[in-house]
Amino acid sequence: MGGNELKYIHEAFEANWVAPLGPNVNAFEQDLEQFLGGEVKVAALSAGTAALHLALIECGVGHGDEVICQSMTFSASANPIVYQGATPVFVDSEPDTWNICPVALREAIEDRIAKGKKPKAIVAVHLYGMPFNVEEVLGIAKEFDIPLIEDAAEALGSTYKGKACGTFGRFGVLSFNGNKIITTSGGGALVCHTQEDKDKAVFLSTQARDNAPHYQHSHIGYNYRMSNICAGIGRGQMEVLKDRVVARRAMHDFYKELFAGVQGVRVFSEPDEKYFANHWLSAIVIEPEEAGFTREELRLALLEENIESRPLWKPMHLQPIFADAPYYGGKVAEDLFDKGLCLPSGSNLTDEDRARIKATIMRLVTAKQR
Ligand SMILES: *Cc1c(COP(=O)(O)O)cnc(C)c1O
């Protein structure tokens with residue numbers, strides 16, 4: 001926590017605004033709108049997954065439709081497609097950004113159209129806070145007139161050409177889950193470009209009550225609005241967001257330096273100056289033949305010292321639940337899953353922690369690269 005979270009929670013208690021609406025919700029939305037550049041409308045919700053679900057609904061995704069989705073991601077990017085009775089069509093990653101490959105994306109769209117069904121939306125993800133190739137992906141979405149849903153759940157504080165991630169698509173999705181760069185314990189937001197789109201999200205997220213003195217419903221609603229207590233945490237967190245980005249990026253620099261002289265290990269970094277990642281997680285790819293060790297050997301060496309690391313997201317097209325879903329591309333995502341590792345990246349790591357991480361990694365490297 002940053003420090004002022006309890007102050008905002010106390011305000012909510014004193015005013016008795018303990019509900020899924022109230023001054024903290026409004027103020028948190030304003031803070032986010034300002035942070036994202038001031039040209040968007042934000043609806044604070046109970047989760048990033050809820051935001052993705054509402055984005056799909058607002059894009060008109062329904063039963064029997066197809067939605068393109070980046071395969072290399074967390075399952076929450078894809079699950080809401082299935083909530084809507086639609087089918088996900090998974091697309092491979094490109095090696096530079098680890099995100100949706102523009103070539104495979106185009107191939108997927110053209111082939112689905114040829115097969116008789118134009119995709120209803122595209123879900124692209126800024127994985128680990130690394131922006132996807134916004135220029136090309138957005139270009140393809142516009143060319144085929146398919147709405148782009150930008151899953152920026154991991155990318156609050158990242159920019160592409162100086163513009164905030166989450167603001168490029170028809171909708172942007174943010175998450176404030178406990179593991180994200182800032183948290184409201186659990187929460188998310190839908191980034192919209194019109195007041196109308198935001199109003200619709202708020203309407204759907206508060207049980208879709210029509211404007212009447214009694215309870216009148218013409219739509220299926222959801223209980224997806226953010227609580228005024230959680231939003232109080234969010235307001236406090238917004239005050240430290242910039243520091244958190246600095247701290248996460250410093251962890252990335254730490255690993256860049258650590259692995260600089262190590263053969264066969266590549267630290268996941270921005271391809272060029274158009275990209276600015278929050279480096280929510282620092283990750284590496286290990287080529288076992290060059291490095292002399294596998295990602296699993298490094299993971300276990302760290303675990304032995306009680307240091308947690310994790311393989312990258314397992315691509316969705318390799319998940320048992322999505323075994324029947326169409327897939328376009330090659331083996332980029334699969335290869336990343338085989339060789340990639342997320343390293344300790346928290347903004348609260350101490351110099352002592354870093355020294356311990358470094359010593360453990362260098363012990364393995366020295367043993368294998370003599
Ligand atoms: C965390 C996450 C989500 C879901 O957000 P929640 O707030 O946990 O529902 C969606 N997509 C990605 C890429 C995520 O990392």
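This is a predicted model: local features need pLDDT of at least 70, side-chain atom pairs count only at pLDDT 80 or more; totals for chains, interfaces and linings use all residues.
Residues are numbered from 1 along each chain as its sequence is written, and side-chain values use heavy atoms, with hydrogens and water left out.

**Stop 1: the ligand**

Select the ligand and its surroundings. There are 15 residues around the ligand, each with a heavy atom within 4 Å of it. Thr 49, Asp 151, Glu 154, Ser 175 and Lys 180 come nearest.

Now show polar contacts (pairs of N or O atoms within 3.5 Å; within protein, one must be able to donate a hydrogen and the other to accept it, and residues adjacent in sequence count only if both atoms are side-chain atoms). Start with Asp 151: a polar atom of its side chain is 2.7 Å from a ligand nitrogen. Ser 175 places a polar side-chain atom 2.7 Å from an oxygen atom of the ligand. For Lys 180, the distance from a polar side-chain atom to a ligand oxygen is 3.3 Å. Taken alone, the ligand exposes 380 Å², and the protein buries 94% of that. Areas come from the Shrake-Rupley method with a 1.4 Å probe; for residues, only the protein chains shown count as cover.

**Stop 2: helix H7**

Go to residues 195–205, helix H7. Helices (H or I, at least four residues) and strands (E, at least two) are DSSP runs, numbered from the N terminus. Colour by burial: buried is under 20% relative accessible area, exposed over 50%, partly exposed in between (1.4 Å probe, protein chains only).

Which residues of H7 are buried? They are Asp 197, Lys 198, Ala 201, Leu 204 and Ser 205. They cover an arc of only 130° around the axis, so they sit on the same side of H7. That arc is taken from the directions from the helix axis to the C-beta atoms. Their packing partners are helix H2 (23–35), strand S1 (41–45), helix H3 (48–58), strand S8 (171–175) and strand S9 (188–192).

Stay in H7 and pick Val 202. Val 202 is partly exposed, at 21% relative accessible area. Beyond four places in sequence, Val 202 touches Ala 43 and Arg 225; contact means heavy atoms within 4.5 Å. Just after H7, check Gln 207, which has a positive phi of about 70°.

**Stop 3: aromatic rings**

Display Phe, Tyr and Trp rings (six-membered ring for Trp); they pair if their centres lie within 6.5 Å, with planes under 30 degrees apart stacked, over 60 edge-to-face and the rest tilted. The count comes to 12 aromatic pairs. Tyr 222 and Tyr 224 are stacked, 5.2 Å centre to centre with 20° between the planes. Tyr 222 counts as buried because its relative accessibility is 18%. Tyr 224 is buried too, at 17%. Next, select Tyr 255 and Phe 259: stacked, 6.5 Å centre to centre, 25° between the planes. Both are buried.

Finish here with one aromatic cluster: Phe 74, Trp 98, Tyr 128, Phe 268, Trp 280 and Trp 313.

**Stop 4: Arg 295**

Select Arg 295 in helix H11 (residues 295–304). Is Arg 295 buried or exposed? Its relative accessibility is 13%, so Arg 295 counts as buried. A polar side-chain atom of Arg 295 lies 3.3 Å from the backbone oxygen of Asp 338. Contacts beyond four places in sequence include Ile 286, Pro 311 and Phe 337.

Last, open helix H12 (residues 332–339), where Ala 333, Leu 336, Phe 337 and Lys 339 are buried. Among the elements they pack against are H11 and strand S15 (340–343).
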